[in-house]
Amino acid sequence: MIDNELAEREKTKYVDCENHNRRRRAFICQHLKEGSKNGFEESFETVEDMEFEFEDDDFVAWCNECEKIRAEEDSLAGKCWEQGKFKVVCEKCYFKIKETNL
């Protein structure tokens, strides 16, 4: 049975994309665009349509420049998150961007 709290949590994990309808959300830094060739770093290796091991997992990616900051601070939070100005995209856009930036 799904309670209101679980329903609300699940609802926030999806976004409406003008190209791909309603899909799971993903986060990318501002420097990543389709074909930008800025590198593509992730917290863990992802594949399209994968099931997450943990409920709170998300697709999250950042460029080579943001990786330098992340490595210095040993954290994606803080300065890296601020300078990366992360935005939400759908998972299909995420994998299209991943494909063209590797």
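**Exercise 1.** Which residue stands opposite Phe-59 in β4?

*Solution.* Before we start: this is a predicted model, where local features need pLDDT of at least 70, side-chain atom pairs count only at pLDDT 80 or more, and totals for chains, interfaces and linings use all residues. Residues are numbered from 1 along each chain as its sequence is written, and side-chain values use heavy atoms, with hydrogens and water left out.

Step 1: find strand β4, residues 59–62; strands are DSSP runs of E with at least two residues, numbered from the N terminus.
Step 2: β4 pairs with β2 (residues 21–28) in the parallel sense over 3 bridges, and pairing takes at least two DSSP bridges.
Step 3: the residue opposite Phe-59 is Ala-26.

**Exercise 2.** Work out which way the side chains of β4 point.

*Solution.* Step 1: in a regular strand, side chains alternate between the two faces of the sheet.
Step 2: here Phe-59 and Ala-61 point one way, Val-60 and Trp-62 the other.
Step 3: all of these are buried, meaning under 20% relative accessible area with a 1.4 Å probe, protein chains only (exposed is over 50%, partly exposed in between).

**Exercise 3.** Classify the ring pair of Phe-40 and Tyr-94.

*Solution.* Step 1: rings of Phe, Tyr and Trp (its six-membered ring) pair if their centres lie within 6.5 Å; planes under 30 degrees apart count as stacked, over 60 as edge-to-face, the rest as tilted. That rule gives 8 aromatic pairs.
Step 2: these two centres are 5.3 Å apart and the planes sit at 75°, so the pair is edge-to-face.
Step 3: both Phe-40 and Tyr-94 are buried.

Methods: Helix = DSSP H or I, 4+ residues; strand = E, 2+ residues; numbered from the N terminus.
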